[in-house]
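Good morning, and thank you for making time for this presentation. Please keep the sequence and the structure in view while I speak.

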Amino acid sequence: LKLLTIIGARPQIIKSGAISRAIQNKYSHLVNEVIVHTGQHYDPQMSAVFFEELGLPEPDYNLQVGSGKHGVQTAKMIVGIEEVIDVEKPDYLLIYGDTNSTLAGALAAAKLHVPIVHIEAGLRSFNKQMPEEINRILSDHVSTYLFPPTETGYENLLNEGFHPDTLPPYTADNPGIFRVGDVMYDNSLYFSNVAAERSTILEREQLEPGAYVLATLHRNTNTDDAARLNAIFSALQSLATTYAAKLVMPLHPRTRKQMAALLEPALYQAISSTPAIILLPPVSFLDMIRLEQHASLIITDSGGVQKEAYFFKKNCLILRAETEWVEIVAAGAARLCDANTERILEGFLAYSQTREGTFPLLYGHGQAAQSIIDILTRAV
Ligand code: UD1
Ligand code: UDP
């Protein structure tokens with residue numbers, strides 16, 4: 001069975017580790033995984049670091065598309081992926097999540113009649129201003145195997161007309177939906193002890209466990225809108241000055257660029273010179289997990305980081321108006337603060353008294369990747 005895996009953005013590289021591990025564990029004699037990196041993320045700290053640190057198989061192809069406008073970037077990926085499909089003739093094409101790399105893989109494979117396996121299917125924000133919402137809806141609707149990570153994802157698919165109990169053989173017109181859990185939960189279980197043993201980030205940055213807030217920011221709606229970016233950073237600045245919080249922020253390259261371009265000069269200056277705000281380049285996955293494990297609170301607009309906060313039983317302030325991971329908000333473990341300075345400060349005060357909410361198991365049992373490979377190998 002030949003699987004052509006498409007990755008490109010940081011979280012996809014990390015997610016793909018769970019599937020590659022499941023193949024190595026049980027099916028290396030049966031499954032040949034060919035990996036295509038689109039090159040959407042290319043800085044060493046956004047890409048190479050994960051292959052090295054997590055021992056991931058190196059991509060067989062790197063399309064080196066780099067950054068660009070959506071049309072240009074996605075089009076270059078489609079051209080490259082189509083060529084690889086022609087050469088490799090895979091049985092399945094595997095895509096993750098909702099980035100431009102996901103959509104490019106879906107469009108190239110659908111037209112060449114290669115069955116698509118979509119991991120992290122069914123998630124919806126119900127906000128079509130988000131490029132990710134477009135990418136995920138279109139990808140789901142040409143897929144043959146859909147793996148929603150949550151019950152909500154499953155329900156969303158049914159609400160869009162997907163049939164819950166189709167029978168094999170599955171095709172794009174008769175797709176199968178399987179609830180196996182979330183491969184990122186697999187990863188956080190697998191790597192949490194490794195991070196505790198190998199990451200030295202707390203020591204390097206002189207951070208006391210439980211005595212800092214971890215924050216990340218990279219959504220285009222936040223980074224490219226001056227009003228929103230200033231509102232978020234003025235909340236973070238107040239946390240550090242008025243509330244004496246220590247803040248650690250591994251910055252996505254997009255955010256670093258936009259801070260210089262869009263923050264009010266006085267705020268930019270204050271953020272850059274406040275010792276309690278530690279701005280870092282993007283960190284490795286093990287460093288990130290260790291930072292998450294010992295944070296007092298997590299503030300983020302990242303999908304992956306929201307969930308990892310939950311996996312490590314941390315409260316989270318979400319810097320968005322809505323989230324695809326609605327269950328963590330319903331459990332009281334996270335709050336939607338949008339880019340609203342007051343709501344961020346209120347959330348900080350509420351969560352700094354005690355840990356709030358409950359943390360039931362919502363993302364499977366850590367065997368999602370293994371179940372996915374079981375299902376795909378049974379089908380051939
Ligand atoms: C992309 C995904 C987003 C995902 C995120 C994960 C899309 C539409 N968006 O957003 O869903 O949450 O990845 O991190 O696919 N840049 C660098 N170096 C890099 C990569 C990017 O400097 O290695 C800078 C460039 O200025 C680039 C900008 O970041 O223009 C945005 O990169 P891009 O891949 O287009 O989108 P992300 O914001 O990373
Ligand atoms: N991550 C990381 N280093 C960082 C920031 C994030 O390893 O400096 C990891 C994080 O732990 C999570 C994934 O990257 O597993 C999330 O990716 P990102 O926030 O870029 O995108 P999203 O999940 O929002 O698509």
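A residue is called buried here when its relative accessible area is under 20%, and exposed when that area is over 50%. Please also bear in mind throughout that the model is a predicted one.

I begin with backbone geometry. In general, most residues other than glycine have a negative phi, and most peptide bonds are trans. Asp338 is not a glycine, yet its phi is positive, at about 55°. Asp338 sits in the loop that runs between strand S13 (334-336) and helix H16 (341-353). Is Asp338 buried or exposed? Its relative accessible area is 18%, and therefore Asp338 counts as buried.

A second residue of this kind is His113, which has a positive phi of about 60° and is likewise not a glycine. His113 belongs to the loop between helix H4 (100-111) and S5. His113 has a relative accessibility of 71%, so this residue counts as exposed.

Where the peptide bond is concerned, the link from Pro168 to Pro169 is cis, with omega near 5°. Pro169 is found in the loop between helix H6 (151-159) and S7.

I turn to the strands. Seven of them form an open sheet in the order S3-S2-S1-S4-S5-S6-S7, and the pairing is parallel. Which strands stand at the edges? They are strand S3 (61-62) and strand S7 (176-177); each has a single partner strand, so one side of each has no neighbour in the sheet. Within this sheet, strand S5 (residues 116-119) pairs with strand S6 (residues 145-147) in the parallel sense, over three bridges. In that pair, Ile119 stands opposite Phe147 in S6.

S9 is joined by two bridges to strand S8 (residues 213-216), and the two run parallel. Leu214 is the residue that stands opposite Val248 in S9. S9 is also joined to strand S10 (residues 277-280), here by four bridges, and again the strands run parallel. Pro250 stands opposite Leu280 in S10.

There are two ligands to discuss, and I take ligand 1 to begin with. Which residues come nearest to ligand 1? Of the 20 residues around this ligand, the nearest are His41, Asn100, Glu132, Arg254 and Lys257. Glu132 has a polar side-chain atom 2.6 Å from an oxygen atom of ligand 1. For Gln40, a polar side-chain atom lies 2.9 Å from an oxygen atom of ligand 1, and for His252 the corresponding distance to an oxygen atom of ligand 1 is 2.9 Å. On its own, ligand 1 exposes 750 Å², of which the protein buries 88%.

Helix H3 (70-88) and helix H11 (253-262) each supply at least two residues of the shell around ligand 1. H11 gives the most to this shell, with three residues. By class, the shell around ligand 1 consists of five nonpolar, nine polar and six charged residues.

Ligand 2 has 19 residues around it, and those that come nearest are Arg219, Val283, Ser302, Gly304 and Glu308. An N or O atom in the side chain of Ser302 is 2.7 Å from an oxygen atom of ligand 2. Arg219 places a polar side-chain atom 2.8 Å from an oxygen atom of ligand 2, and Arg10 places one 2.9 Å from an oxygen atom of ligand 2.

Which helix gives the most to the shell around ligand 2? The answer is H14, with four residues. Helix H1 (10-26), helix H13 (285-294) and helix H14 (303-311) each contribute at least two residues to the shell. The shell around ligand 2 comprises 10 nonpolar, five polar and four charged residues.

I close with the cysteines. How many disulfides are there when the sulfur atoms must lie within 2.5 Å? The count is zero. Cys316 is in no disulfide, and the nearest cysteine sulfur, that of Cys337, is 8.6 Å away. Cys316 is buried, with a relative accessible area of 1%. Cys337 also counts as buried, at 1% relative accessibility.

Methods
Residues numbered from 1 in each chain as written. Chains lettered and ligands numbered in written order. Predicted model: local features only at pLDDT ≥ 70, side-chain atom pairs only at ≥ 80, totals over all residues. Heavy atoms only, no water. Disulfide = S-S within 2.5 Å. Buried < 20%, exposed > 50% of the residue type's maximum accessible area, 1.4 Å probe, protein only. Pairing = 2+ DSSP bridges. Near = heavy atom within 4 Å. Polar contact = N/O pair within 3.5 Å; in protein donor to acceptor, adjacent residues only side chain to side chain. Nonpolar A, V, L, I, M, F, W, Y, C, P; charged D, E, K, R; others polar. Areas by Shrake-Rupley, 256 points an atom, 1.4 Å probe, with all protein chains shown as cover.
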